[in-house]
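The sequence and structure are shown below.

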Amino acid sequence: MTQQPSDADAVDRIVAQWRRERPDLDSTPVHVIGRISRLHWALDERLAQVFDRYDLGRGEFDILASLRRAGAPFELTAGELRGSTMVTSGAVTKRVDRLERAGLVSRRTAHEDARGRIIGLTERGRALVDEAVAAHLHNEATLLAGLTTDERATLADLLRKLGRSLPGA
């Protein structure tokens with residue numbers, strides 16, 4: 001059996017087990033995909049902790065952040081929100097409904113199309129998202145503290161390249 005590196009992790013052990021049990025298969029993709037999957041689960045949990053402090057789900061935070069990034073007057077159509085968040089129109093509607101009930105966004109009829117709706121941040125929504133995004137970005141920086149600035153840039157470049165190679169990513 002191949003000797004494991006001194007800093008072997010669970011993914012290394014899984015790959016070694018597959019090499020032992022199925023040496024006819026190339027299990028090396030697990031080094032990347034397995035780690036991305038495990039990191040997703042770990043990061044998602046830690047990111048949710050910040051959203052929970054603001055009584056927001058990830059999707060609701062995404063809507064508020066999209067509106068805030070849009071700049072003054074912090075409004076987007078439902079279609080623009082759907083494109084910005086990459087979810088279905090039903091998911092956008094559900095999230096906007098909850099945010100509207102909480103007084104964080106408002107809806108109004110589009111001037112150019114009476115069927116269209118414009119979703120905008122309320123003053124309360126803008127204050128909340130400004131506070132939440134500061135906490136979120138601080139949290140993300142903390143989660144990446146184990147990497148140098150150059151390592152972060154390299155990882156970002158590699159993930160961008162991988163994303164471009166995957167249909168629908």
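In this predicted model, three strands form an open sheet in the order β1-β3-β2, and their pairing is antiparallel. The edges are taken by β1 (75-77) and β2 (105-109); each has a single partner strand, so one side of each is left without a neighbour in the sheet. On average, and with direction ignored, neighbouring strands of the sheet are turned by 30 degrees against each other.

β1 and strand β3 (residues 117-121) run antiparallel and are joined by 3 bridges. T77 has I118 in β3 as its bridge partner.

Two helices that pack on the sheet are α3 and α5. Helix α3 covers residues 58-69 and touches β1, β2 and β3, and its direction makes about 90 degrees with that of β3. Helix α5 covers residues 89-101 and touches β2 and β3, with a direction at about 115 degrees to that of β2.

The backbone has some points to check. Most residues other than glycine have a negative phi, and most peptide bonds are trans. The table lists departures from this.

| Site | Feature | Value |
|---|---|---|
| D55 | positive phi | near 55 degrees |
| F74 | positive phi | about 60 degrees |
| A72 to P73 | cis peptide bond | omega near 10 degrees |

D55 lies in the loop between α2 (29-53) and α3. Its relative accessible area is 55%, so D55 counts as exposed, the cut-off being over 50%. F74 is placed in the loop between α3 and β1, and P73 is also found in the loop between α3 and β1. The relative accessibility of F74 is 10%, so this residue counts as buried, for which the cut-off is under 20%.

How is the chain divided into domains? The domain assignment gives domain 1 as 10-46 and domain 2 as 55-168. Taken over C-alpha atoms, the centres of domain 1 and domain 2 are separated by 31 Å.

At the interface, 4 residues of domain 1 are in contact with 5 residues of domain 2. The two domains bury about 350 Å² between them, and 64% of this is on carbon and sulfur atoms. The rule finds 1 salt bridge across the interface of domain 1 and domain 2. A salt bridge is formed by R58 and D44, whose closest N and O atoms are 2.6 Å apart.

Terms used
Residues numbered from 1 in each chain as written. Predicted model: local features only at pLDDT ≥ 70, side-chain atom pairs only at ≥ 80, totals over all residues. Heavy atoms only, no water. Pairing = 2+ DSSP bridges. Helix = DSSP H or I, 4+ residues; strand = E, 2+ residues; numbered from the N terminus. Axes fitted to C-alpha atoms, helices over the stretch in contact; angles between N-to-C directions. Contact = heavy atoms within 4.5 Å. Buried < 20%, exposed > 50% of the residue type's maximum accessible area, 1.4 Å probe, protein only. Domains from an automatic or database assignment. Buried area = accessible area lost by both parts, 1.4 Å probe. Salt bridge = Lys/Arg side-chain N within 4 Å of Asp/Glu carboxyl O.
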